[in-house]
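Here is the note you asked for on this model. The points are numbered so that each can be taken up on its own.

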Amino acid sequence: EVEVDDPLVTVESDKATFEIPSPHAGKITKVLVSEGDKLSEGNDLLEMQVGNDAGDEEDDTDDAEAKDAESADESPRKQSAGASDKGSASGKDDVPDVPQPGAKVHAGPAVRKLARELGADLNRVKGSGPKSRIIKDDVEGYVKAQLQKTQGGGAVAGGSGIPGIKLPDFSQFGDIQRDAMTRMQVATANNMQRSWLNVPHVTQHEDVDFTDLEAFRKGLKAEGEKRAVKMTPLPFILKACAHALTALPQFNVALDMERKEIVRKQYIHIGIAVDTPAGLMVPVIRDVDKKGLWELAAEAQELAGKARDKKLKPSEMQGGCFSITSLGGIGGTAFTPIVNSPEVAILGVSKAAMKPVWDGEAFQPRLLCPLSLSYDHRAVNGADAARFTTLLAELMGDIRRLLL
Ligand code: CAO
C-alpha cells in the first residue's frame with residue numbers, strides 16, 4: 001500500500017540517482033522490474049490499483065522525472081543487460097569506437113560502397129537491419145554522429161584520434177571478477193576523460209596559514225552544536241573563493257570555442273566534490289557570495305548528506321562556476337584536481353599540518369593548509385592563477401579580510 005508521493009523506486013541516470021514518487025495512493029499489485037534492470041523511457045515499472053477502486057488498474061509509467069532521466073539513453077536497439085564484457089550497456093554509446101578485428105560485417109555491396117566513399121569503418125557501425133545487417137541509414141547515422149561529436153563545441157569523442165588501451169586477458173595472471181560499471185561510474189569516467197583531453201591543465205600550489213582561522217573555528221564549536229551545524233574549514237574556503245572569483249572574474253567564465261566567445265557569469269555558484277559510496281558527486285551551492293558562514297556550513301552539510309543518501313536532484317548538481325574538492329579531512333600534501341569543465345578552475349584542498357615558518361627572527365609553529373588550484377590555461381594565465389591563490393592565502397590567513 002502506498003500513499004501519493006511515497007518513493008516507489010530509485011532510478012540511476014547518468015547524472016543522478018533519485019527516487020520516483022508514486023503519482024497515486026493505492027496498492028502495488030505487480031512489480032515489473034528487478035533491481036539492476038536497465039530501463040528506457042516508457043518502460044513499465046509496476047502495476048497498481050489506485051485508491052478504493054480495486055478493479056481499476058493503472059500503470060505507473062509516465063512519470064516526468066523518469067522520462068527526463070532516461071530520455072538520453074533511449075535506444076531502439078536493446079542488448080542483453082548483464083553481459084559482463086564490452087557492449088553490456090544498452091544505448092547509443094554501445095557503438096564500438098575501436099574496430100573489432102575479425103568481427104563479421106553484414107552489409108550489401110551498395111552499403112559497403114557508401115561506407116568507402118564516406119570513409120566510415122563498417123566495423124564501428126551497428127546494423128539495424130535483420131540479423132544486425134548494416135543498412136544505408138546506419139552508415140549515414142554513424143557519420144552524422146561522428147561529425148556531431150567532433151563539431152559539438154570541440155568535444156573530444158572517446159578515443160578519437162587516440163589509440164585505445166588494449167586489455168590483456170587478466171585471467172591468465174590469476175582469478176578475476178568482472179562487475180558492470182554503474183551509470184554514474186561511466187558518466188564520471190567520460191566526464192573526467194573529456195575534461196582531461198580538452199583542457200590544458202596547470203596546477204598552482206600555495207600553503208595558506210590556517211592558524212588564526214582554526215582558532216576562530218574551534219571557538220565556534222559550542223555554537224555549532226546548538227545550531228546542529230558543524231563548522232569545518234570548508235565554509236571559510238567557499239567564502240574566500242567567492243571573494244577571489246569576484247576580484248578575478250576571469251575565473252568565472254566558460255569558453256565557447258565554437259562561437260569564439262567568453263561567457264562571463266554574473267553569479268557565483270560553487271560545486272563541492274563529495275565522496276560517496278556510489279562515487280563522486282558535485283552538488284552546487286548557489287550564490288555563495290551572498291551567504292554567511294553558518295548558512296554555507298548548513299548547506300554544505302545538507303548537500304553532502306543528500307549526496308551520500310542518493311537524494312540529490314539533478315538541479316542541485318547544475319550551474320556551478322567553480323569547484324572545490326577537499327581532501328583535508330583525509331590527508332595528503334598536494335594533488336592535481338581535474339577541472340570540472342566547462343568550469344575553468346577547481347581548488348583542491350589538502351590536510352592542514354603544523355609547520356615551522358620563519359618570521360624574520362625565529363621559526364614559529366604555524367598551521368599550514370596546502371591548496372592546489374588547477375585551471376584551464378586557455379581561459380586563465382599563470383600570473384592570474386598565482387594572484388588567485390595569493391588572494392586566497394591573504395583572505396584565509398586573516399579572515400577579517402572576508403569582511404572588506
Ligand atoms: N585540514 C585539516 N583538517 C581538515 C581540513 C583541512 N583542510 N578540512 C577538513 N578538516 C577536518 C574537519 O575540520 C573535520 O575535523 P573535526 O571533526 O575535528 O572538526 C574533519 O576534517 C572531517 O571533515 P569533513 O570531511 O566532515 O567536512 P568538510 O566540510 O571538510 O568536507 C566534504 C565536506 C563533503 C567535502 C567531504 O566530506 C568530502 O566528501 N571530501 C572528499 C571529496 C573528494 O572525494 N574529493 C575527491 C575529488 S577528486 O577525485
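1. The structure is predicted. The values quoted in this note are computed from that predicted model.

2. Ligand shell. The ligand is surrounded by 21 residues. T232, D275, R308, T325 and A352 are the closest of them. Sorted by class, the shell holds 10 nonpolar, six polar and five charged residues.

3. Which side chains place a polar atom by an oxygen atom of the ligand? K230 has one at 3.0 Å from a ligand oxygen, and R308 has one at 2.8 Å from a ligand oxygen. On the nitrogen side, an N or O atom in the side chain of T325 is 2.8 Å from a nitrogen atom of the ligand. On its own the ligand has 970 Å² of accessible area, and the protein covers 69% of that. Two or more shell residues come from each of α7 (233-247), β10 (274-276), α8 (293-308) and β13 (322-326).

4. Nonpolar surface patch. I165, L167, F170, F173 and I176 make up a nonpolar patch on the surface. Together these residues have about 600 Å² of accessible area. F173 counts as exposed because its relative accessibility is 63%, and the cut-off for exposed is over 50%.

5. Salt bridge within α2. The whole structure contains 15 salt bridges. One of them joins the side chains of K113 and E117, with an N to O distance of 3.2 Å. Both K113 and E117 belong to helix α2 (residues 109-118), where they are four residues apart, or about one turn of the helix. How exposed are the two partners? K113 has 47% relative accessibility, so K113 counts as partly exposed. E117 has 55%, so E117 counts as exposed.

6. Other salt bridges. E261 and R259 also meet through their side chains, at 3.6 Å from N to O. E261 is partly exposed because its relative accessibility is 39%, whereas R259, at 58%, is exposed. A further bridge links D287 and K290, at 3.7 Å from N to O. With 25% relative accessibility D287 is partly exposed, and with 65% K290 is exposed.

7. R217, a buried charged side chain. R217 belongs to helix α5 (residues 211-219). Is R217 buried or exposed? Its relative accessibility is 18%, so R217 counts as buried, the limit for that class being under 20%. A polar atom of the R217 side chain lies 2.7 Å from the backbone oxygen of M231.

8. G108 and I135. G108 is in the loop between α1 (64-71) and α2. G108 counts as buried because its relative accessibility is 12%. The C-alpha atom of G108 is 7.9 Å from that of I135, although the two residues are 27 apart along the chain.

9. Cis peptide bond. Where is the cis peptide bond that involves P342? The bond in question runs from S341 to P342, and its omega is near 15°. P342 is placed in the loop between β13 and β14 (345-349).

10. Positive phi values. Most residues other than glycine have a negative phi, and most peptide bonds are trans. K131, which is not a glycine, has a positive phi near 55°. K131 is in the loop between α2 and α3, and with 78% relative accessibility it counts as exposed. A228 is another non-glycine residue with a positive phi, here about 60°. A228 is located in the loop between α6 (221-227) and α7. At 57% relative accessibility, A228 also counts as exposed.

How values were computed
Residues numbered from 1 in each chain as written. Predicted model: local features only at pLDDT ≥ 70, side-chain atom pairs only at ≥ 80, totals over all residues. Heavy atoms only, no water. Near = heavy atom within 4 Å. Polar contact = N/O pair within 3.5 Å; in protein donor to acceptor, adjacent residues only side chain to side chain. Areas by Shrake-Rupley, 256 points an atom, 1.4 Å probe, with all protein chains shown as cover. Nonpolar A, V, L, I, M, F, W, Y, C, P; charged D, E, K, R; others polar. Patch = residues over 30% accessible without salt bridge, like charges linked within 9 Å, V, L, I, M, F, W, Y side chains within 5 Å. Salt bridge = Lys/Arg side-chain N within 4 Å of Asp/Glu carboxyl O. Buried < 20%, exposed > 50% of the residue type's maximum accessible area, 1.4 Å probe, protein only.
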